[in-house]
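Here are a few notes to read alongside the model.

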Amino acid sequence: MTADTRSLSRPLAGRSPAPRTGGRSARLQEALAGYSFAAPNLVLIGLFLLYPVVSAVLISLRDARGFGDGDFIGLGNYARLLSDAAFWQSTANTVLFTAITVPLSMALGLGLAVLMNSVLPARGLFRTIIVLPMVVSGVATALVGVLIFDEGTGILNKLLRAIGGPALSWQSGGAEAFASVVIITLWVRVGFNMVIYLAGLQGVSPELYESARLDGANAWQQFRNVTLPLVGPSTFFLLVMNVIYSFQVFDIIFVMTGGGPGYSTSVLVTYAYQNGFVTREQGYAAALGIVLLIITLVFTALYWRASRARDLTD
Amino acid sequence: MTTAPPLAVAAEARQIPQRRAGRRRGRGAYALRVVLAVVAAGLLLFPLYWMVVVAFSPRAELFSRELRLWPSTFTLDNFTRIFTEYPVVTWLGNSVVITVFVTVLTVVLNLMAGYAFARLRFRGRNVILLLALSTLMLPVQVIMVSQFQLVTRLGIYGTYWAVILPSAATAFGIFLSRQFIIGIPQEIIEAARVDGAGHVRVFLKIVLPLCKPLIAVLILLTAMSTWNDFAWPLIALKENYLFTLPIGLLFLRGQYTVDFNMIMAMALLATLPMVLLFLVFQRYFVQGFTRSGIK
């Protein structure tokens with residue numbers, strides 16, 4: 001009886017499959033199969049992701065420019081970062097961009113998911129429309145953004161002028177350019193967040209709302225006390241996905257503003273690209289990448305600690 | 001007398017059974033929700049709508065100072081011009097070839113690895129899985145310089161393979177596959193094993209047929225991210241005739257005279273296949289995520 005329940009609960013907990021019949025040769029065979037099934041994917045990951053990380057660390061310690069390997073200069077590239085104003089502005093922009101886009105896109109995604117989970121006509125059509133921007137490539141999205149936000153001929157400024165408002169300097173003003181990049185990012189991101197939240201909401205039993213209503217909870221209280229706690233796992237997953245996306249934002253900024261005006265929309269990733277492939281200072285660009293990696297690792301560590309604390313309290 | 005009507009209304013309101021009041025409030029809330037949904041959909045649809053409008057508008061329209069929300073005359077001129085002036089068919093072909101290769105390779109390898117990590121026991125399994133999954137947190141741009149040097153040293157820089165192989169190196173699908181396959185009842189697999197089926201047979205005949213929603217999600221996500229990928233092909237390809245559509249779009253924008261009507265026409269061409277793919281697979285989308293335990 002005990003063996004039975006264990007073999008049932010184990011796969012559900014996601015640890016290891018149930019014990020197999022057979023002895024050592026069967027186990028060896030299974031291990032062999034396991035390695036063989038996993039190997040092709042792992043080889044690609046090792047070669048094209050893990051090895052380049054190691055080699056990026058090595059390159060970052062060299063004065064590599066143009067096509068040469070350059071001399072070993074120790075932490076020279078990192079020392080240069082400290083006094084590089086453009087680097088600090090790019091870092092600040094990356095943090096600011098993340099701090100704005102992550103909570104906003106998640107809140108909008110949750111709001112839309114609640115809306116799309118309620119009774120609506122043509123709900124399927126609405127859902128499709130909300131997710132559709134996700135399908136468009138970053139470059140195409142950014143080019144539409146260029147059209148919409150163009151200071152002179154853009155549709156947005158034409159609209160603003162038509163209603164008697166002031167036309168905004170979306171290209172020449174630093175804050176406006178930053179806002180335009182944020183808006184386009186939200187446009188792309190909201191759909192994915194909505195889908196994940198919707199999947200979470202569909203797991204919430206309607207009886208919970210029924211009993212909350214019987215207890216006299218209004219719509220806000222129902223949202224606050226039933227919906228929000230129950231989509232916690234989705235929130236957790238989305239937080240990590242959105243932070244990664246925001247840290248790595250490239251296409252939209254590269255095409256829409258190129259990091260400008262000046263460095264007011266430059267982020268670590270676009271700045272690293274500029275150094276690595278425009279001015280061709282590979283050593284310096286690699287150092288920038290490593291800084292981005294360290295920030296990501298710190299965030300991951302915090303996330304891990306939080307998720308373990310969660311598992312324990314659950 | 002003047003105060004009577006409000007009083008009367010109030011008295012009447014007190015007598016309305018609570019259910020009626022609730023229903024009326026429900027109707028108000030319903031209307032509000034519809035309005036919100038329409039506004040949200042309108043805002044989210046507008047950039048795509050604008051792409052279509054500009055793609056079918058005559059060139060002069062864009063530069064006029066007046067506000068115009070639809071084309072004055074409908075023209076296919078922009079489409080004929082991109083096809084005659086640029087190797088769009090070649091770029092489209094490149095995008096198709098690269099996307100198909102990457103998608104097939106990635107999905108097959110992800111499913112295999114996902115099965116191994118979910119259902120086969122081997123030494124070091126958890127450590128290896130963790131190491132592979134840690135690459136999910138790795139910003140691609142951290143390694144773009146060293147990846148570039150790697151493909152150069154491998155002698156594949158500037159070829160399809162320089163885009164295909166690094167693009168197929170991803171752990172996201174492994175994670176999704178493992179989570180999904182763990183959800184398949186062990187008894188089904190066990191029964192096949194007892195009947196003498198080997199691991200390959202179990203994978204092909206038992207596991208894969210149960211993974212249709214997973215496979216749909218993997219195909220959709222992989223194809224979309226490959227088709228739309230920009231940063232890496234920009235680095236890995238140099239010859240004009242090997243460009244994918246996103247790089248071609250940037251190329252058009254870099255021309256001496258920037259023609260946004262043509263750019264939007266091409267953006268529309270590049271977007272349509274993904275819209276179709278999405279419409280075909282979207283019913284699996286939520287399902288695939290839900291059953292992978294991500295929600």
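1. Chain B splits into domain 1 (4–55) and domain 2 (87–291), with bounds from an automatic or database domain assignment. Bear in mind that this is a predicted model: local features need pLDDT of at least 70, side-chain atom pairs count only at pLDDT 80 or more, and totals for chains, interfaces and linings use all residues. Residues are numbered from 1 along each chain as its sequence is written, while chains are lettered from A and ligands numbered from 1 in the order in which they are written.

2. Between the two domains of chain B, 4 residues of domain 1 are in contact with 6 residues of domain 2 (contact: C-beta atoms, placed from the backbone, within 7 Å). On the domain 1 side, the residues are 4 nonpolar, no polar and no charged (nonpolar: Ala, Val, Leu, Ile, Met, Phe, Trp, Tyr, Cys and Pro; charged: Asp, Glu, Lys and Arg; polar: the others, Gly among them).

3. Now the chains: 80 residues from chain B and 85 residues from chain A make up the contact. Helix 2 (residues 18–55) of chain B gives the largest share of the chain B side, 14 residues (helices are DSSP runs of H or I, at least four residues, numbered from the N terminus). That side has 60 nonpolar, 11 polar and 9 charged residues.

4. Have a look at helix 6 (residues 138–149) of chain A and helix 13 (residues 245–253) of chain B, which pack at an angle of about 30 degrees with their axes 8 Å apart (axes are lines fitted to C-alpha atoms over the stretch in contact, and angles run from 0 to 180 degrees between N-to-C directions). The two helices are therefore roughly parallel to each other (angles under 35 degrees).

5. In that pair, A:Val139, A:Ala140 and A:Leu143 meet B:Pro246, B:Leu249, B:Leu250 and B:Arg253.

Note on methods. Parallel < 35°, antiparallel > 145°, perpendicular 65-115°, else oblique.
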